Amino acid sequence: MSPARPVMVLVNPVVPVVRPPTIDWLTLIVPWGIGREYLRDAEDGDAFEPVQERLEAMAEEGRCKMWRDASSRYRVQTRVTLTGGAKVLVQFGAKDPLTLKGAIRIDFNPNKLLEGDAQDLHKFIRRAVGKSYDTHLLDAIVNRLDLASDVEHVVLGDLFIDYKGAHEVTMFAKRLKKNKIETMNFGSVSSDYITSVYGKNEEEVHRAIQRLAEAKTKAVSDKLKANLVRQVKVARDLPPTVRFEVRGKKMGVPVFKLKKLNFKRFERFQVSELQNLEGLDEFTRINFLALVRDMGLRAAIAHYKGRPEHATLKEAALQTPDWWQPEGLWGSGIKALKRSGILPADAFKAPSKR
């Protein structure tokens, strides 16, 4: 008689944890230097000239890098390096003041900002355009906002992901490595919103290695190189993490309207686990997984319509795990933006309530 096979018992398995959202990207439009009033001020000369002179002076001081781009809708481009080392793209001056919503455009990743960086950024812009900037900042328009929520202790390859509630859903930019799906994007290229799910571990390790490789080509201190090596090790040892990201690409809304734009963006992610298929025979399971990776979850389920396995596959593939609790994530992200100090608190209030 052959010996009995050992039984594996999981002791205190780690339950996935959904983390509050972080702000991955922010584009602000400040409604300064536009409209017929601005054009009237420019009748006696170029109203933007004093701003340009101040920007040139700050560029000479090393405060920023400055250039012009013929294809841009803005007259001057600057890249500002803040006290903490973060870089921010700030564009100034509307080539057509009657069509642009604002003649100041700010693009950056808020995650890169350290304490005091937001104040440093506003100080730079205020010096360029004057004290009226503070008033215009209250009416800032959010053109792009990327919110991301991490789920720790879960592997993307162990999940089914779909995005529900849209008339048309497209999954693209699928990258396979060692038979594992690393990135899934939902939504067409022209969509105002794109949603993305990817394994964060691979991204963090890649970025850390990139920073280390760039440092090796420069004259940097041994201390910095050692720190970059440590960052690679830390990224490699992170718990398995999947990132759910909502990217608002063409928003064009005032800051005080952000919270009302929820539309349950995170709740529309349909999450289920591959382990739900364990009761199926191996042939059906392998074929279904291949279809999911080729055409997406919804299309794979529809492919089995009329077959005896359809009801079982649909129930298993759409069974939401207890740990996936996306309710309120969008609102939490807006609160995180408010707490960051990037914008004044009154910008989050309607003008009549300030």
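Me: Why is Lys 349 called partly exposed?
Reply: The model is predicted. In it, Lys 349 has a relative accessible area of 36%.

Me: What makes Asp 346 and Lys 349 a salt bridge?
Reply: Their side chains meet at 3.3 Å, N to O. The limit is 4 Å from a Lys or Arg side-chain nitrogen to an Asp or Glu carboxyl oxygen. The pair therefore qualifies. Asp 346 is partly exposed, at 30%.

Me: How many salt bridges does this rule give?
Reply: The count comes to 15.

Me: What makes Lys 200 and Asp 150 a link between distant parts of the chain?
Reply: Lys 200 is in helix H5, residues 200–216. Asp 150 is in strand S7, residues 141–152. They are 50 residues apart. Their side chains meet at 2.7 Å, N to O, and the limit is 4 Å. Both residues are buried.

Me: Why is Asp 162 called buried, and what class does Arg 298 fall in?
Reply: Asp 162 has a relative accessible area of 9%. Buried means under 20%, so Asp 162 passes. Arg 298 stands at 39% and therefore counts as partly exposed. The two form a salt bridge, with the closest N and O atoms 3.2 Å apart. This pair joins strand S8 to helix H8, 136 residues apart.

Me: How do you know that the buried residues of H9 line one face?
Reply: The buried residues in H9 (310–317) are His 310, Leu 313, Ala 316 and Ala 317. Down the helix axis they fall within an arc of 140°, so they line one face. On the other side, Ala 311 and Glu 315 are exposed.

Me: What covers the buried residues of H9?
Reply: The cover includes strands S8 (159–163) and S14 (269–273). It also includes helices H7 (282–295) and H8 (297–303).

Me: How do you know that H7 is close to the span expected of it?
Reply: H7 has 14 residues and reaches 20 Å from first C-alpha to last. The expected value, at 1.5 Å a residue, is 20 Å.

Me: What makes the buried residues of H7 line one face?
Reply: They are Thr 284, Phe 288, Leu 289, Leu 291 and Val 292. Seen down the axis of H7, they fall within an arc of 160°, so they line one face. An α-helix has 3.6 residues a turn, so residues three or four places apart point the same way. The face turned away from the buried side of H7 carries Glu 282, Phe 283 and Asp 294, all exposed.

Me: What caps the N-terminal end of H7, and what follows H7?
Reply: Asp 281 is the cap. One of its side-chain oxygens lies 3.2 Å from the backbone nitrogen of Phe 283, and a polar contact needs N or O atoms within 3.5 Å. Gly 296 follows H7, with a positive phi near 100°.

Me: Why does Asn 185 count as buried, and what does its side chain contact?
Reply: Asn 185 has 10% relative accessibility. The cut-off is under 20%, so Asn 185 is buried. Its place is in strand S10, residues 180–186. The Asn 185 side chain makes a polar contact with that of Ser 196, at 2.6 Å.

Notes
Residues numbered from 1 in each chain as written. Predicted model: local features only at pLDDT ≥ 70, side-chain atom pairs only at ≥ 80, totals over all residues. Heavy atoms only, no water. Buried < 20%, exposed > 50% of the residue type's maximum accessible area, 1.4 Å probe, protein only. Helix = DSSP H or I, 4+ residues; strand = E, 2+ residues; numbered from the N terminus. Arc of directions from axis to C-beta. Contact = heavy atoms within 4.5 Å. Polar contact = N/O pair within 3.5 Å; in protein donor to acceptor, adjacent residues only side chain to side chain. Expected span 1.5 Å × (residues − 1).
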